[in-house]
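Good morning, and thank you for making time for this item.

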Amino acid sequence: MNAEDFIPYLRKTDADPAIQQLLASLGVTKAPKVKRGDVEARVGLNERGIELVFHPVEEAKSSLLQLGTILVYGNTQGGEFTPYAGPLPGGLSFKDSRKEARKKLGEPAASNEALFRDTWDFPTHGLTLDYTEGGKSIVFIDISLPYEPEDE
């Protein structure tokens, strides 16, 4: 599966048949659930190198969870996740340096030099890359809901 294939699922809730079908196709047998004291539900597919993060829908008395983030892991996660083996967004490779990633994606909308992180905002999604120290390669990719001015 191409990591970009997850983008259309952003904003969909766990009650949506498309999300239910996605989870089933990934071998997830338990519905995502926010544990007491947590603010999100994480579905870790460690052997596939991805993690789906669901957030409660901000409607009163709703138990729905919305897919808000897809984390795609490279090979520097201390063995917790197998590196994602599918194609990455924008033709990226985990071997890409910060300079190479910016060549492929253009100038980021935001950057944090201290954390070795770049963020792009696209109409359908946000994309954040975390790099190894010095920006020599990509550690993981965060595909999330796009930035919206009311998020401030």
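Let me first define accessibility: a residue is buried under 20% relative accessible area, exposed over 50%, and partly exposed in between, with a 1.4 Å probe and protein chains only. This is a predicted model, in which local features need pLDDT of at least 70 and side-chain atom pairs count only at pLDDT 80 or more, while totals for chains, interfaces and linings use all residues. Residues are numbered from 1 along each chain as its sequence is written, and side-chain values use heavy atoms, with hydrogens and water left out.

I begin with the backbone. Most residues other than glycine have a negative phi. R11 is not a glycine, yet its phi is positive, at about 80°. R11 sits in the segment before α1 (17–25); helices here are DSSP runs of H or I with at least four residues, strands are runs of E with at least two, and both are numbered from the N terminus. With a relative accessible area of 39%, R11 is partly exposed. F116, also not a glycine, has a positive phi of about 55°. F116 belongs to the loop between β4 (110–112) and β5 (117–121), and its relative accessibility of 23% makes it partly exposed.

I turn now to the sheet. Which order do its strands take? Seven strands form an open, antiparallel sheet in the order β1-β2-β3-β7-β6-β5-β4, where two strands pair if DSSP finds at least two bridges between them. β1 (41–45) and β4 stand at the edges with a single partner strand each, so one side of each has no neighbour in the sheet. On average, neighbouring strands are turned by 15° against each other, direction ignored. The antiparallel strands β3 and β7 are joined by five bridges, and I70 has I143 in β7 as its bridge partner.

Next comes helix α2, residues 98–105, in which R98, A101 and L105 are buried. Why do we say that these residues line one face? Seen down the axis of α2, the buried residues fall within an arc of 60°, so they line one face of the helix; the arc is that of the directions from the helix axis to the C-beta atoms. The face turned away from that buried side carries the exposed residues K99 and K103. Among the elements covering the buried residues of α2 are β4, β5 and β6 (126–131), contact meaning heavy atoms within 4.5 Å. The helix lies across β4, β5 and β6 and runs at about 5° to β5. For such angles, axes are lines fitted to C-alpha atoms, for helices over the stretch in contact, and the angles run from 0 to 180 degrees between N-to-C directions. Just after α2, G106 has a positive phi of about 90°.

My last topic is the aromatic rings. Rings of Phe, Tyr and Trp (its six-membered ring) pair if their centres lie within 6.5 Å; planes under 30 degrees apart count as stacked, over 60 as edge-to-face and the rest as tilted. How many such pairs does the whole structure hold? The search finds two aromatic pairs. Y73 and F81 are stacked, because their ring centres are 4.0 Å apart and their planes stand at 20°. Y73 and F140 form a tilted pair, 5.8 Å centre to centre with 45° between the planes. That pair links distant parts of the chain, Y73 in strand β3 (residues 65–73) and F140 in strand β7 (residues 138–144), 67 residues apart. Y73 and F140 are both buried, and F81 is buried at 7% relative accessibility.
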